[in-house]
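Work through the exercises below with the sequence and the 3D structure open. Each task is followed by a solution in steps.

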Amino acid sequence: MDNLKLSIMSENTETKFGFDQLNTRTPLWAKRTFYIVSVLTTVAVFIVSGDPAIKPDTAVRIMLYLKGLDMLTLALSKMFGLQTKDEQS
């Protein structure tokens with residue numbers, strides 16, 4: 001684990017953001033953020049779908065917004081990439 005940590009946090013590695021980063025390695029913090037958001041929104045969908053106090057039309061709208069948040073965080077996490085100084089030149 002220490003070797004992986006050193007390779008990610010080395011002085012030769014820089015985090016970049018943009019569409020050109022889609023094919024590069026995603027930083028660990030971006031992956032973890034996506035997974036946390038995904039788990040939280042999935043739990044919220046279960047709560048909303050099982051709550052009889054929420055009208056069905058409102059529940060569907062809330063669930064769509066939550067899953068849209070999932071897609072947004074996935075897209076944003078994939079736009080972060082790690083590049084070494086060698087790859088930049």
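**Exercise 1.** How many aromatic pairs does the count come to by the ring rule?

Solution. The model is predicted, so local features need pLDDT of at least 70 and side-chain atom pairs count only at pLDDT 80 or more, while totals for chains, interfaces and linings use all residues. Residues are numbered from 1 along each chain as its sequence is written, and side-chain values use heavy atoms, with hydrogens and water left out.

Step 1. Rings of Phe, Tyr and Trp (its six-membered ring) pair if their centres lie within 6.5 Å; planes under 30 degrees apart are stacked, over 60 edge-to-face, and the rest tilted.

Step 2. The count by this rule is three aromatic pairs.

Step 3. One of them is F17 with F80, a tilted pair with 4.8 Å between centres and 55 degrees between planes. F17 sits in strand β1 (residues 13-17) and F80 in strand β2, 63 residues apart, and the pair thus links distant parts of the chain. Helices (H or I, at least four residues) and strands (E, at least two) are DSSP runs, numbered from the N terminus.

**Exercise 2.** Classify the pair of W29 and F80, and state the accessibility of the residues in its cluster.

Step 1. Buried means under 20% relative accessible area, exposed over 50%, and partly exposed in between (1.4 Å probe, protein chains only).

Step 2. F17, at 47%, is partly exposed; F80, at 22%, is also partly exposed.

Step 3. The ring centres of W29 and F80 are 4.8 Å apart and the planes stand at 65 degrees, so this pair is edge-to-face. It joins helix α2 to strand β2, across 51 residues.

Step 4. W29 is partly exposed at 46%. F17, W29 and F80 make up one aromatic cluster.
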